[in-house]
Amino acid sequence: MSDARMGIEKLSTGMSGFDTVGFGGLPKGRSTLIAGTAGSAKTVFAMQFLVKGVELGEHGVFVTFEETPADLRRNMLSLGWNCAQLEEERKLAFVDASPRPEEERIEAGPFDFAALVARIEACVRRINAKRVVLDSIGAMFAQFKDPAAVRKELYRISAALKQMDVTAIVTSERTDDYGPISRHGMEEFVADNVILLRNTLEEEKRRRTIEILKFRGTDHQKGEFPFVVSDEGVVVIPLSSIQLRQKSTTLRIASGSSELDAMCGGGFFRDSIILCSGATGTGKTLMVTAFMAGGIAQGERCLAFCFEESRQQFFRNAAGWGFDFEQLEKDGKLKVVTDYPEIMPLENHLIRMKKIIAEFKPNRVAIDSLSALERNSTTRSFREFVISLTAFVKDQEMAGLFTSTTPTLLGGTSVTEAHISSICDSIILLRYVEVYGEMRRALTVLKMRGSAHDKEIREFNIDGSGMHVGKAFRNVTGILAGNPMQLAIAPEELDRLHEMFPHD
Amino acid sequence: MMKYQLELFVVGHSAKAQQAEHNLRRLCQHKLAGRYELRITDVLEDADAAEAANIVATPALVRRAPLPVRVVVGDLSQRDALVYGLGLELDIDDLEGSASDE
């Protein structure tokens, strides 16, 4: 993708999400400084830049100042990157400038890095490389006494890289995630482009972010974007790039309950997100079960993520309502994924869920429940998760049913809903109603984007055959406020009130 | 007698390269006459040799023997550093004059 107006071409890195944040990738033919604290994934990012380059037919040279090539080869194998093989195929090459502890080095007069430049040049020529990585230049300051000389010589390398017509990544250490850009004032070295990788501790949780500080002469997205280091390397989650460009359909799908379909004006829309909110035991999981079964009955593929129950519990409950989910899963019509939310950070859940969705290609996705995932995250990362996931699901033109558990038995909303309610197309509330010393369930369709719907608060029953929506609670008020009160109004008066404003 | 095996890495014919070679030859003739082998390698012509020896900064003098391997970086104008780097530190007190064996 080129930025013709600015005249600076971008090089697609091939790294998931990063190209979106960088409006097409890295500035081509230039050097970019990647600064980060220890453990901020600089080396992984740099190596991935080369490995993805090879996939795109561009060879790469990795100049290592810190780790030995042998260590790098071993470390990168865990990410599935076989450096040795790429080296054999002459697609990747190392220039080893790492210190050799067994050799003593003595300085006896002025020196320059012409040898290193010559080695890099020779290597770039030999394998016809288009990408170069220098990792990490801070190590050079430990190897030589005079920082001013090192800085001057690094500048020579930077100038030489420009001559070689390669796109380069130069990594550098920082001491603080929100301090000076780099330890040795290296931003002057490659002043054109600076990217910051952060690895901060927030509410006792690790959070990795990437920020493009500047791309000289060309544009990029501003601010910090979360990323994860998964088994395929760095995956950037480009939140604000998510556009409201989903197509909209008038096609309806069955919710799994004919009564609920009727309340929704004929079913959910096919590519809509439905939020089902309720206290524990109000029937959210049953709603998910019915939603899955309803889809399968129409020949759709369904995928459920359960973060509250085990597979066995989910299957047993479904069996209780007459659905053989175990068999349906064997038939490949259904996929149930159960996990504890705590097994990995939320960002990793997101990447994994997207991957499973992309592989299984379901027509319907359910998450039971979003609030369980919320336990395991900060407010900010949860909001990002919800936005990113809903956009992804809508983009695939699937229907999504997400549940949310309210903290109080009567009434109430959860933080989950505050983040998601404007994103979802429909909201169904499940509430307990205390009527004459008895807990009964109520259901109402609070919102149904693009469709007329039933506005009554109706009684909701669960029995051996599933869910049943019944009559409206005509003589109870304050259900949603969590303060139900019986009205002592004569039934005739209620009927008269009811008829005063005809239904739409 | 053990011979000193020395390799001087330079890049092209820069002033630094010539200076380093001059300084090195002068000291060797003075202190190691008949006891050393010196090879001069131009990295522009033999990048692989520089790669194998892990040469970053030049001029760079590699003392391959006696062991351990030592690398002296720079134009070798700092005579004491060069003497130390070559492992001749025991002779440091008679830098000016008479040749003596270690």
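Two residues count as in contact if their C-beta atoms, placed from the backbone, lie within 7 Å. All views show a predicted model.

**View 1. Helix α1 of chain B on its strands.** Helix α1 of chain B spans residues 15-31. The helix lies across β1 (4-10), β2 and β3 of chain B. Its direction makes about 165° with that of β1(B).

**View 2. An open sheet built from chains A and B.** Five strands line up as β7(A)-β4(B)-β3(B)-β1(B)-β2(B), with mixed pairing. Neighbouring strands are turned by 20° against each other on average, direction ignored.

**View 3. The β3-β4 pair of chain B.** Strand β3 (residues 60-65) runs antiparallel to strand β4 (residues 70-73). The two share 4 bridges. Arg63(B) faces Arg70(B) of β4(B).

**View 4. The open sheet of chain A.** Here 9 strands follow the order β18-β17-β19-β20-β16-β21-β22-β23-β24, again with mixed pairing. The edge strands are β18 (334-338) and β24 (466-472), each pairing on one side only. From one strand to the next, the twist averages 20°.

**View 5. The parallel β16-β21 pair of chain A.** Strand β16 (residues 273-278) and strand β21 (residues 426-435) are joined by 5 bridges. Ser277(A) has Leu429(A) as its bridge partner in β21(A).

**View 6. Two helices of chain A on its strands.** Helix α9 (residues 284-297) packs on the sheet; the strands it touches include β16, β17 (302-306), β19 (364-368) and β20 (399-405). The helix makes about 165° with β19(A) in direction. Helix α12 (residues 346-360) lies across β17, β18 and β19, at about 160° to β17(A).

Definitions and conventions. Residues numbered from 1 in each chain as written. Chains lettered and ligands numbered in written order. Predicted model: local features only at pLDDT ≥ 70, side-chain atom pairs only at ≥ 80, totals over all residues. Pairing = 2+ DSSP bridges. Axes fitted to C-alpha atoms, helices over the stretch in contact; angles between N-to-C directions.
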